[in-house]
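Biologist: I am new to this structure and would like to go through it with you. Could you bring it up, please?

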Amino acid sequence: MGKPQLGKPRIVIVGGGAGGLELATRLGNKYGRKGKLDVTLIERNRTHVWKPKLHEIAAGSMDISAHEVDYLAQSYWHGFRYRIGEMIGIDRDKRQVLVGPYHDSEGREVTPKRIFDYDALVVAVGSQNNDFGTPGVADHAIKLESQLDARRFHERMVNACIRAHAQTSPLGIHQLKVAIIGAGATGVELAAELHRTTREVVAYGLDQVDPQKDISITLIEAADRVLPALPERVSKETEKLLARLGVNVLTGAKVSEIGSDHVSLTDGGTIPAELIVWAAGVKAPDFLKDIAGLETNRINQLVVRPTLQTTRDDAIFAIGDCSACSWGERGNVPPRAQAAHQQASHLYSQIPRYLRGEPLKDYRYRDFGSLVSLGEFSTVGSMMGALVGGSLVFEGMFARMMYLSLYKMHERALHGSIKVALDTLARLITRRTEPHVKLH
């Protein structure tokens, strides 16, 4: 893997999500290229896609090739190292990250178990869905936690439509029925996208399927409203839009078990479904629980001080969804892409101070609002805090532009303003001639 130059500080970032990749890119651009820092990003995937866009991949409404970032190419162009693999441990005394062997899809070893030395370690491994031990989730439901999950769901969706078109017998009660458990942002956005893309798939010539009669989408939420983490007015507007789309919304409904073709509820009800998505609950990866004696909370997040340093080790930082960072009386900073972006920006300025032995400034979360996309031209959201002196709900094209701006901030951090502007122009031109939904 190559040894850094003698005396060059070593920064290891584990996790190439929104926060980790932005931090590696910015540190590499400013310090890695000039040989001032040795920056290494450890990530188990080969390419990066902004996680809030996974529902678009699942629904087939996004061209992945236009949005994914190849980690190896990104590292080459931006002055850091990319090393494939997954962290399996930390030796705090030796300041080393332990990375397990990486195997390809056929089970062959690509890289062996390795050790990476660090002077400062940033853990940015994100989060995953929390199934709360519900029976059948692992065997019968798909969780949208990665590109692989999203692609797997999309393939199943297209195959379900083709199967229904080709069969001569009547459709089973569960066929072409989609059940989404969890009405947070992911569940709501997926429901809205699927309403459109399933009908577009059928329109490509699968004329034996009647989308109005045969296809249905049910969104199941244990809380008493959709988007329970957002203001109530946002929830109400979202429910109205979902109703207009024909999405069945069940609130106050708790799942007891997932079967191969149904979802069972605690009240005894059963929802037939051919495609089942689990999008409820959030937790940090299980391997973080008490890793190396660091303090973690009940959902495996690393507890950090206001400086984003872990409570038991000044040399280890945590950002993004895997970080439990206090937000005062409101609890912890919410697991949102904007938080990861802000924390990456904060550490970009603070890690050099840490390496020089200077006091670190505290991170303060700024809530710029929450936005939920309900299809190509419909978005609802709320602008919070200092921007409007309270809370304002809005929807429509303005909301959609704000939603897209969050993604553009991420792209600018990775590629710079000029490239983002040119790429955006190219997408606007080419989308006129491309199909609206991907069938592969």
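Biologist: To begin, where is Phe132 placed?
Modeller: Please keep in mind that this is a predicted model. Phe132 is in the loop between strand 12 (128–129) and helix 4 (137–140).

Biologist: Is Phe132 buried or exposed?
Modeller: Phe132 has a relative accessible area of 58%, so it counts as exposed, the cut-off being over 50%.

Biologist: What is the phi of Phe132?
Modeller: Phe132 has a positive phi of about 55°, although it is not a glycine. Most residues other than glycine have a negative phi.

Biologist: And which value does phi of Leu308 take?
Modeller: Phi of Leu308 is near 75°, again a positive value in a residue other than glycine. Leu308 is found in the loop between strand 21 (302–303) and strand 22 (309–310). With a relative accessible area of 0%, Leu308 is buried, whereas Phe132 is exposed.

Biologist: Let us turn to helix 3. Which residues of helix 3 are buried?
Modeller: Helix 3 spans residues 71–78, and its buried residues are Tyr71, Gln74, Ser75 and His78.

Biologist: Why do they line one face of the helix?
Modeller: Seen down the axis of helix 3, the buried residues fall within an arc of 100°, so they line one face. As background, an α-helix has 3.6 residues a turn, so residues three or four places apart point the same way.

Biologist: What does the face turned away from the buried side carry?
Modeller: That face of helix 3 carries the exposed residues Leu72, Tyr76 and Trp77.

Biologist: Which residue caps the N-terminal end of helix 3?
Modeller: Asp70 does, with a side-chain oxygen 3.0 Å from the backbone nitrogen of Leu72. Just after helix 3, Gly79 takes a positive phi of about 75°.

Biologist: Where does Tyr82 lie?
Modeller: Tyr82 lies in strand 5, residues 81–84. Its relative accessible area is 7%, which means that Tyr82 is buried. Tyr82 and Gly16 are 66 residues apart in sequence, and their C-alpha atoms are 9.4 Å apart in space.

Biologist: A change of topic: how many cavities of 30 Å³ or more does the structure hold?
Modeller: The structure holds three of them. The second largest cavity has a volume of about 60 Å³.

Biologist: Which residues line the second largest cavity?
Modeller: The lining consists of Met157, Ala160, Cys161, Leu176, Lys177, Val178, Thr198, Ile215 and Leu275. Helix 5 (147–166) and strand 13 (177–181) are the elements that give two or more residues to this lining. Helix 5 gives the most, with three residues.

Biologist: What is the lining like by class?
Modeller: The lining of the second largest cavity has seven nonpolar, one polar and one charged residues.

Biologist: What about Ala160, is it buried or exposed?
Modeller: Ala160, placed in helix 5, is buried, with a relative accessible area of 1%. Ala160 and Leu275 are 115 residues apart in sequence and 8.6 Å apart in space, C-alpha to C-alpha.

Biologist: One last topic. How many disulfides does the structure hold?
Modeller: The structure holds zero disulfides. For reference, a disulfide is a covalent bond between the sulfur atoms of two cysteines.

Biologist: And Cys322, is it buried or exposed?
Modeller: Cys322 counts as buried, at 0% relative accessibility. Cys325 is buried too, with a relative accessible area of 2%.

Technical notes:
Residues are numbered from 1 along each chain as its sequence is written. This is a predicted model: local features need pLDDT of at least 70, side-chain atom pairs count only at pLDDT 80 or more; totals for chains, interfaces and linings use all residues. Side-chain values use heavy atoms; hydrogens and water are left out. Buried means under 20% relative accessible area, exposed over 50%, partly exposed in between (1.4 Å probe, protein chains only). Helices (H or I, at least four residues) and strands (E, at least two) are DSSP runs, numbered from the N terminus. The arc is that of the directions from the helix axis to the C-beta atoms. A polar contact is a pair of N or O atoms within 3.5 Å; within protein, one must be able to donate a hydrogen and the other to accept it, and residues adjacent in sequence count only if both atoms are side-chain atoms. On a 1 Å grid over the protein atoms alone, a cavity is a set of points where a 1.4 Å probe fits but cannot get out, and a pocket is an open set with protein on both sides within 12 Å along at least five of seven lines; lining residues have an atom within 4 Å of a point. Grid points are joined across faces, edges and corners, and a volume is the space filled by probe spheres set on the points. Ala, Val, Leu, Ile, Met, Phe, Trp, Tyr, Cys and Pro count as nonpolar, Asp, Glu, Lys and Arg as charged, and the others, Gly among them, as polar. A disulfide is a pair of cysteine sulfur atoms within 2.5 Å.
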